[in-house]
Amino acid sequence: MELVFAIVSGVLYATGLYLMLRRRLAQIIIGLGLLSNGTNILIFAAGGLTRSNPPVIPPGELEPIAPYADPVPQALILTAIVIGFGVLAFTLVLAHRVHQSLGSDDVDDIRSEGSA
Amino acid sequence: MNSLILQVATRVLMPLLLLFALFMLGRGHNEPGGGFVAGLIVSAAYALQAFAFGVAAARRALLVDPERLLGVGLLVALGSGLLASAQGLPFLTALWWGGLGSPALFDVGVFLVVIGVVLTMTFTLAEA
Amino acid sequence: MIPLLVLSPFVFALVAALVAGRWPTRARWLAVWPALLAVVFEHELRTRVAVEGTQVVSLAWAPSLGLTLQFTLDGLGLLFALMITIIGALIVLFASAYLKGHPHLARLLAWLFVFMGAMLGVVLSDNLFALFVFWELTGFASFMLIGFEHDTPAARAAAMQALLVTAAGGIALLGGTVLLAQITGETTVSGVIRSGIDVTAHPTYLACTLLFLLAAFTKSAQVPFHFWLPNAMAAPTPVSAYLHSATMVKAGVYLIARMMPILGGTTLWSTTLLVVGGITMVGAAWRSVQETDLKRVLAFSTVSALGSLVLMIGIGTPGAIVAAVVYMIAHAAYKGTLFMVAGAIDHEAGTRDVTQLAGLRTVMPRTALAAALAAASMMGVPLFFGFFGKELFYEAEWQYAGAAGLLLAISVAANALSGMAGLVTGVGPFTGARPSRFDAAHEPAWPMWFGPLFLALAGVVFALVPGIVNTPIALAAASVTGAFTPVALVLWHGFTPVLGLSVLTLALAGGLYTQRAVLRKGLPGSVGSERVYVVTLRLLDAVSAFVAPALYSRSLRSYVLVLIVTTAFLISSGLFLGGGGWSIEALTPLRAYEMVIALVICAGAVMAARATSSMRAVLALGAVGYGVALLFVTYGAPDLAMTQFSVETLTAVIFVLVFRMFGSFAHLSSRLIRMRDAIVAGVVGVVVGTLVLLVGTGDGTSRLSHYFAEMSATVGHGRNIVNVILVDFRGFDTMGEITVLVVAAIGVHALLRIGADERGRP
Amino acid sequence: MTLVLPIIVPLCTAVVLLLAPAKPAQQRWIAFTGSFAQLAAALVLFLQVQQQGYVVAQMGDWPAPFGITLVADVFSSMLVVAVGIVGMAACAASFGGVDPRREAYGYHPLLQILFMGVAGAFLTGDLFNLYVFFEIMLMASFVLMALHRTNDQVAAAFNYVTINLLASAVFLTGLGLLYGSAGTLNMADLAAVWPSRHEPGLDLVLAMLFLTAFGIKAALFPFLFWLPASYPLPPAPIGAVFAGLLTKVGIYALIRVFSLLFRDGSPWPLTLLLWMSIATMLLGLIGALSQRDFRRVLAFNLIGHIGYTTIGLSIGTSAAMAGSLLYLAHHILVITTLFFVSGILLQLRRTTDLAALGSLYRDHPWTGVIALIPMFSLAGLPPLSGFIGKLAVLRGTFGAGFYVTGAVVLVVGLLTIVSIARLWDEAFWKPATKPAVAPTPSRPLMVPVVALSLLIVGMTVGAEPLFRMTTRAADQLLAPQDYIRAVLDSGLGRGR
């Protein structure tokens with residue numbers, strides 16, 4: 001199964017980066033979305049895959065029933081997902097503003113002043 | 001989107017969603033759930049309200065400005081951490097009074113922030 | 001006490017700015033302080049300096065870095081200090097009259113005092129780094145002073161040129177001092193000498209010496225770095241007289257003399273000094289007679305004199321060192337005089353063109369007297385101190401084993417040309433018939449003739465009563481040679497070949513003077529090094545203009561591409577250079593429905609990449625997100641899955657809300673570029689996949705998870721371990737996470753509202 | 001408790017600002033007071049660290065490798081003080097007027113959250129928590145940068161955001177792989193278990209990932225392009241905060257992570273870092289020469305001098321590291337001050353375009369003299385702090401036998417002089433073509449400039465204690481065992 005996770009994260013990185021190399025604002029953001037899904041999968045897989053019980057302690061017990069999944073990567077990914085959402089939402093609206101002020105959604109129209 | 005069905009459905013769903021959210025918030029410490037998901041459910045309820053009756057109505061139904069919830073939520077979370085500091089313990093040390101603990105308060109802070117964030121975003125976007 | 005005195009001019013700079021700003025007419029009183037300092041230094045020279053010994057006083061600054069304000073009082077330093085303060089006092093006096101009524105007189109005086117302090121620091125510092133500190137400060141003060149009239153482009157350009165050339169030298173000096181400190185482990189000149197380490201045998205000796213010489217040559221305007229000095233004449237005349245003739249430009253000579261005991265004694269050392277000094281001496285003398293501007297004539301002759309001094313130190317015999325000291329004193333006196341005279345002439349007659357000036361002696365008698373005395377000293381007329389300088393110079397060359405003939409020949413030539421320059425500047429403007437346009441000229445206020453006359457008379461007095469300078473000269477020479485030999489200057493020592501050379505020089509100078517008009521039209525002798533400076537700067541600018549835009553004004557995707565390619569390259573280099581050391585352990589068995597989920601994710605990702613409409617892309621992204629959530633479910637992460645589901649939904653909603661405003665996704669880039677990007681992205685994908693495979697085959701639980709499992713229910717009072725981590729174990733992360741969310745919300749709100757406000761405005 | 005204060009004080013301030021009425025005067029005073037409190041907390045922490053060497057706190061009272069640890073050593077406490085200073089200056093400047101819409105939509109709380117993020121990044125001892133603080137800082141900077149009026153400013157903000165998000169993705173990738181391989185996130189714990197896990201291949205990959213992620217934030221070659229395009233654009237106080245603090249977080253993270261984790265591995269990453277530093281120095285200063293805008297000249301100088309602050313890490317001797325850290329401290333102050341100076345120019349002339357500037361020395365001599373201090377301190381003119389820093393760096397490089405690097409440092413020093421002298425020439429000397437808009441610079445801008453310039457002078461005079469401090473900081477960084485021990489042995493917390 002690790003092989004599948006490897007392929008999935010590889011595909012997500014590749015497609016995400018490919019989209020970030022495009023010229024449309026929206027494509028770049030979709031790319032960012034794919035990329036952050038890719039990193040989450042990567043953290044998840046790197047943390048070690050076990051098809052096992054959720055890290056929840058059954059009522060009355062003091063410890064979860066082994067084998068249970070490592071809760072740490074889950075917590076990390078949770079944080080990363082939420083942060084990623086905030087960032088993505090903001091970036092999206094920023095792209096919308098850029099689109100509005102440039103009248104174009106082509107990033108090649110964004111050039112720093114002073115350039116040829 | 002001002003369809004009658006949506007409006008009726010919203011009237012029915014609103015209280016259910018809010019109750020469900022409180023349920024998720026309450027059980028989060030022991031079962032899957034928690035402040036984040038609960039906050040999202042509440043937001044979904046009000047977003048639905050906004051689609052059905054318009055953003056202005058949804059804002060009225062929320063009673064507080066979502067922007068204000070940002071500060072309040074942060075304050076609650078921060079305060080739950082500072083409670084320990086007030087007793088000379090490290091920041092964010094959990095304090096327990098029976099079954100209730102400062103981590104729960106912290107989760108409420110998260111809950112409020114999430115509502116504030118999501119509704120600030122969706123309301124402003126819908127108004128734009 | 002002494003450190004405070006050395007640093008006192010810096011304080012006086014502030015005093016000058018305030019006093020001269022408020023009461024400009026009282027500014028001349030500021031000259032009292034340097035005069036008092038001169039008295040103190042004179043006293044020190046007479047009493048405290050033992051024949052060889054030095055007094056060192058120290059003020060800690062940053063001793064851990066080797067930087068202390070540590071001063072040496074020895075013959076060489078004190079002699080310089082005396083020149084700096086005496087001429088400084090006269091210049092302050094002169095400037096206060098010369099720039100009377102100028103709105104920025106206070107600034108000029110303030111910077112002059114800064115310079116004075118810096119210069120004293122250079123010549124009295126024992127600590128190498130402190131020496132550098134003061135050295136750079138002299139250059140900076142010079143920059144501010146040359147650019148004094150900064151409304152004129154020439155002044156600004158000259159200031160910049162002077163700064164850049166001397167700063168290049170300064171950088172070399174810094175490198176040199178750090179290297180020297182590195183070699184010897186000492187940070188003071190006296191310490192290096194005491195350490196007895198033979199620096200010349202060290203592998204970095206060559207670099208170290210060249211750096212020091214580069215510093216000295218730029219400061220002392222040696223060919224090919226000389227060009228900044230004539231251009232620096234854009235500065236007000238008091239500045240030229242003080243910095244660019246009498247004191248600062250001699251700092252290079254001082255440095256060479258100071259370092260001779262440490263770095264000298266090698267063929268590299270003497271050859272470089274002889275060649276550079278010789279070329280400078282002759283070349284600049286030749287250039288001086290072609291100029292018609294009083295100050296530029298003087299400037300080139302100053303360069304020539306500096307060349308002579310370098311040459312003499314290059315000879316390096318005790319006699320040559322004494323000659324250099326004498327020559328330097330004489331030069332400071334007569335050149336300071338002539339510069340101030342030039343200033344007075346400019347001030348009164350309104351021109352500095354030597355082909356125009358004539359007959360001023362009747363209207364400016366005192367100035368004329370000073371000029372004539374100085375010119376005589378410059379030409380080396382017997383009975384004047386300049387005569388001693390030349391005599392000793394020839395004497396030293398005569399006795400020098402290597403190439404004495406050649407040295408004598410070029411020296412005579414250079415001195416003859418210099419003598420002619422003396423006639424041009426000190427005699428020409430005052431003799432002959434006075435054109436009527438100069439009728440209104442008259443003797444300037446006393447502060448403007450007092451200084452020149454004082455210095456010119458000093459040249460006569462020293463010559464007539466050499467006893468008063470014998471000891472200081474001997475002490476100064478002793479600082480360089482390391483051994484004290486009494487000096488007894490005598491005016492007449494019989495008919496010697498050297499006297500013959502002096503006479504020859506004089507005669508040649510007179511002869512050349514009569515042919516001055518011819519000489520001016522003669523061959524242009526300009527050395528092309530100023531072109532090199534200009535071209536170097538232009539080249540740098542061109543490179544910059546080529547490089548800089550690439551660094552910030554290209555399209556975003558070119559930067560993203562650079563970033564991705566570099567990262568991929570770096571990671572791959574890690575993979576290859578790391579030399580393995582890892583293994584793929586047992587894989588978890590595969591299940592069919594997981595395959596399906598994975599396929600959905602991959603298909604969604606590819607579809608998002610290829611989508612030509614925004615809605616389709618959002619849908620594809622949503623499919624990917626839900627697929628990922630399903631994967632989380634199958635691997636025991638219900639919280640994660642729940643969050644992923646809801647966030648994915650929310651993201652989709654926001655995408656839809658925003659994307660109603662975007663158009664289609666029709667391809668903008670060519671097929672070729674898309675291919676290239678696909679390959680680049682694909683390579684990264686393969687690398688990442690490999691990494692996942694290599695890392696993600698552990699047992700799946702860590703030390704941390706055991707602890708959390710143990711503590712969650714008992715101490716954390718929660719059975720959902722992930723949630724306990726989020727709100728308790730790592731609650732601090734969550735605090736940060738919600739802060740990010742709040743900021744994002746503020747950002748979205750602000751962006752949209754400000755956008756709406758702007759559109760709402762008329 | 002003191003350890004968490006520099007982080008939560010600005011957060012509290014931000015919360016108060018969010019809840020308080022949006023009246024400008026009130027907001028400014030709250031923000032100013034908050035920044036003052038943060039500086040005070042930072043100073044207390046700094047003094048504690050001076051006495052104890054390390055100050056460690058466990059968030060939530062969970063013992064070290066399990067909970068989140070905050071830890072301050074000399075290096076980080078010094079930087080936190082810098083955050084306080086820069087923060088106070090920025091808040092003081094806001095009294096001179098902020099774009100009203102920007103102020104109404106969260107200028108003050110965002111700035112406070114930015115300070116929180118930076119201080120948190122300096123103080124956390126947990127790698128994932130470092131990521132979180134990075135994101136806080138970035139998100140706040142994104143919004144502050146995006147709140148612009150003109151179109152190209154908004155557009156530049158988009159580029160800035162995209163590049164930084166890529167950097168975050170790279171960081172997160174490294175983080176995930178690191179956790180997968182070492183099973184812990186606490187940096188001291190990571191350093192402690194590091195030698196026992198022999199995975200040279202993976203270690204090198206991780207080193208490269210962190211080098212990239214932090215290199216982007218630090219604006220090292222070849223990742224420097226986002227900086228000159230974005231920093232010159234925001235208003236002066238924001239520019240000052242960005243220029244002074246944000247790249248330094250990248251440098252800090254590089255130094256922290258590489259001094260703990262990759263010391264004994266392959267020398268290749270540090271060699272690479274040395275070449276990147278050299279290229280950064282040269283490109284930055286060469287780039288600066290052709291710029292025609294005051295702030296863009298500063299931005300390129302900023303980039304160039306980042307190289308000075310990273311060569312210490314790559315050389316790895318105490319002297320070189322101490323030199324680089326000294327330069328870092330100097331650089332924060334100077335570049336911040338100069339961005340405030342650019343604010344004064346904007347106020348007086350409504351532009352920072354060099355072609356339209358001029359005559360400032362004639363018209364405002366005292367402002368000119370004050371501006372000379374940061375300008376020529378940046379240029380490394382002795383005796384100012386820039387010279388002290390350069391000398392320290394040079395003694396470090398030459399002392400370690402890195403002559404080529406030392407030569408580059410010297411050449412770059414010369415180029416800096418060229419660039420700054422031209423800046424002075426164009427903005428202060430050259431006769432202006434346009435008359436001044438405002439008669440005098442306003443006090444809220446002058447006060448920070450004067451105060452910071454005095455601090456620069458103070459750094460010059462106090463070079464000895466400063467250098468001793470950075471030497472101590474360098475020695476701490478080069479002997480991570482003490483750091484590890486301090487973190488892992490500090491208070492057992494609950495549950496044991």
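Predicted model: local features only at pLDDT ≥ 70, side-chain atom pairs only at ≥ 80, totals over all residues.
A salt bridge is a side-chain nitrogen of Lys or Arg within 4 Å of a carboxyl oxygen of Asp or Glu. Glu127(B) is partly exposed because its relative accessibility is 38%. Arg753(C), at 25%, counts as partly exposed as well.

We can turn next to the contact between chain C and chain D. Here 97 residues of chain C meet 114 residues of chain D, and the area buried between the two chains is about 9500 Å². Carbon and sulfur atoms give 76% of that area. Leu65(C), Tyr552(C) and Phe732(C) together supply 8% of what chain C buries against chain D, more than any other three residues. Across this interface there are four salt bridges and 17 residue pairs in polar contact, both residues being at pLDDT 80 or more. On the chain C side, helix α30 (residues 731-760) provides the largest share, 19 residues. Sorted by class, that side of chain C holds 60 nonpolar, 23 polar and 14 charged residues.

Two salt bridges between chains C and D can be followed in detail. Arg362(D) pairs with Asp151(C), their closest N and O atoms lying 3.5 Å apart. Arg156(C) and Asp425(D) meet at 2.7 Å, N to O. The latter pair runs from helix α6 (residues 153-184) of chain C to helix α18 (residues 403-429) of chain D, and both Arg156(C) and Asp425(D) are buried.

The contact between chain A and chain C takes 87 residues from chain A and 104 residues from chain C. About 8700 Å² is buried between them, with carbon and sulfur atoms giving 74%. The count of salt bridges here is one, formed by Arg22(A) and Asp677(C) with their closest N and O atoms 2.8 Å apart. Five residue pairs, both members at pLDDT 80 or more, are in polar contact between these chains. On the chain A side, α1 (2-20), α2 (25-46) and α3 (71-102) each supply at least two residues. The most comes from α3(A), with 24 residues. By class, the side of chain A that touches chain C has 55 nonpolar, 19 polar and 13 charged residues.

Chain D also has features of its own to explore. Within this chain, Arg28(D) forms a salt bridge with Glu103(D), the closest N and O atoms being 2.8 Å apart. Arg28(D) sits in helix α2 (residues 24-52) and Glu103(D) in helix α4 (residues 100-104), so the pair ties together parts that are 75 residues apart in sequence. Arg28(D) counts as buried because its relative accessibility, 15%, falls under the 20% limit. Glu103(D) is buried too, at 7%.

Elsewhere in chain D, Asn164(D) is placed in helix α7 (residues 151-182) and is buried, with a relative accessible area of 2%. A polar atom of the Asn164(D) side chain lies 3.0 Å from the backbone oxygen of Tyr160(D). Beyond neighbours within four places in sequence, Asn164(D) is in contact with Leu138(D), Phe142(D) and Lys217(D).

Chain D contains paired strands as well. Strand β1 (residues 55-58) and β2(D) pair in the antiparallel sense over four bridges, and Val56(D) has Val71(D) in β2(D) as its bridge partner. From strand β2 (residues 69-72), Thr69(D) and Val71(D) point one way while Leu70(D) and Ala72(D) point the other way, and all are buried.

Ile329(C), in helix α14 (residues 318-349), counts as buried at 10% relative accessibility. Leaving out residues up to four places away in sequence, Ile329(C) touches Leu79(C), Met83(C), Phe385(C), Phe462(C) and Ile473(C). The C-alpha atoms of Ile329(C) and Ala246(C) are 9.0 Å apart, although 83 residues separate them along the chain. Gly196(C) lies in the loop between α7 (189-195) and α8 (205-219) of chain C and is exposed, at 57% relative accessibility. From Gly196(C) to Gly604(C), 408 residues apart in sequence, the C-alpha to C-alpha distance is 78 Å.

Technical notes:
Residues numbered from 1 in each chain as written. Chains lettered and ligands numbered in written order. Heavy atoms only, no water. Buried < 20%, exposed > 50% of the residue type's maximum accessible area, 1.4 Å probe, protein only. Contact = heavy atoms within 4.5 Å. Buried area = accessible area lost by both parts, 1.4 Å probe. Polar contact = N/O pair within 3.5 Å; in protein donor to acceptor, adjacent residues only side chain to side chain. Nonpolar A, V, L, I, M, F, W, Y, C, P; charged D, E, K, R; others polar. Pairing = 2+ DSSP bridges.
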